[in-house]
Amino acid sequence: MSGGVGPVEPGEGTRAWETVGASGVGGSRARPAPLPGLLGRHRRSVPAALTALALLAGGGLLWATRPQERQRAAPAPPFPSQVVNLAYLGPLSVPPGTRPRTFALEVLLGVESGPPVTTTRLAQPYDGIFLTSAPRSPFRTKAGSARKIVITMHVTDCGNVPRDVGLPFLDVTLRNARAMQDHSFILGSRYAQDLSQALQVACSNESG
């Protein structure tokens, strides 16, 4: 008889029995043995599973121990000019005995946030004026604080200073943990008026 159905694959849990004798009668019952195909697949799957577990464990360890640089990196501190405010307070009287053509103005320097800021230089743009400050630079100001600065100006050459200052400013060099910057602060119309008046008084007597 040609054709027919081939051998049926053993189902799950099927075991092969070894027989003794052709008739199967009187023979002892043999120990069941797992099918070679299933045993081979089982033996092959154990190392593969162990390898997969080892890779997963190793990957988890690397993820847990690798430095989280992007997550832990602190943001860079701000540039000093971004957190420093300079405000004009008004004119001051100079002490008796001060040399002629000298006058004083007071400003307030404050630091809003970030690391401390060091003021390394205070200057003004006119060649005919010599400027000093109290406190003298360099001086340091912490975040959340402000300090009053007395700006004393002495006119050395009236020919090199304007009599009517339109938009005066102070040049300030600032330094913090981020950078060092030169910044010009415009102090407003009241500062311009007081500076113009002080220059007019200082240079009103050319022989002074």
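This is a predicted model: local features need pLDDT of at least 70, side-chain atom pairs count only at pLDDT 80 or more; totals for chains, interfaces and linings use all residues.
Student: What order do the strands of the open sheet have, and in which sense do they pair?

Tutor: The order is β5-β3-β7-β8 for the four strands, and the pairing is antiparallel.

Student: Which strands are at the edges?

Tutor: An edge strand pairs on one side only; here that describes β5, residues 139–141, and β8, residues 180–186. From one strand to the next, the twist averages 35 degrees.

Student: How many bridges join β3 and β5?

Tutor: Three bridges, in the antiparallel sense, join β5 to strand β3, which covers residues 117–123.

Student: Next, the disulfide. What is a disulfide in general?

Tutor: It is a covalent bond that joins two cysteines through their sulfur atoms. This structure holds one. It is formed by C158 and C203, with 2.0 Å between the sulfur atoms.

Student: Where in the chain are C158 and C203?

Tutor: They are 45 residues apart, and the pair links distant parts of the chain. C158 is in the loop between β6 (145–155) and β7 (169–175), while C203 is in the segment after α4 (189–202).

Student: Is the disulfide of C158 and C203 left-handed or right-handed, and why?

Tutor: Handedness is read from the torsion about the S-S bond. For C158 and C203 this torsion is about -90 degrees, so the disulfide is left-handed.

Student: Is C158 buried or exposed, and why?

Tutor: The cut-off for buried is under 20% relative accessible area. C158 has 7% relative accessibility, so it counts as buried. C203 is buried as well, because its relative accessible area is 2%.

Student: Turning to the rings, how many aromatic pairs are there?

Tutor: The count is one aromatic pair. A pair whose planes are over 60 degrees apart counts as edge-to-face. The planes of Y88 and Y191 stand at 70 degrees, with the ring centres 5.1 Å apart, so this pair is edge-to-face.

Student: Which elements does the pair of Y88 and Y191 link?

Tutor: Y88 is in strand β1 (residues 84–92) and Y191 is in helix α4. The two are 103 residues apart, in distant parts of the chain. Both Y88 and Y191 are buried.

Note on methods: Residues are numbered from 1 along each chain as its sequence is written. Side-chain values use heavy atoms; hydrogens and water are left out. Two strands pair if DSSP finds at least two bridges between them. Axes are lines fitted to C-alpha atoms, for helices over the stretch in contact, and angles run from 0 to 180 degrees between N-to-C directions. A disulfide is a pair of cysteine sulfur atoms within 2.5 Å. Buried means under 20% relative accessible area, exposed over 50%, partly exposed in between (1.4 Å probe, protein chains only). Rings of Phe, Tyr and Trp (its six-membered ring) pair if their centres lie within 6.5 Å; planes under 30 degrees apart count as stacked, over 60 as edge-to-face and the rest as tilted.
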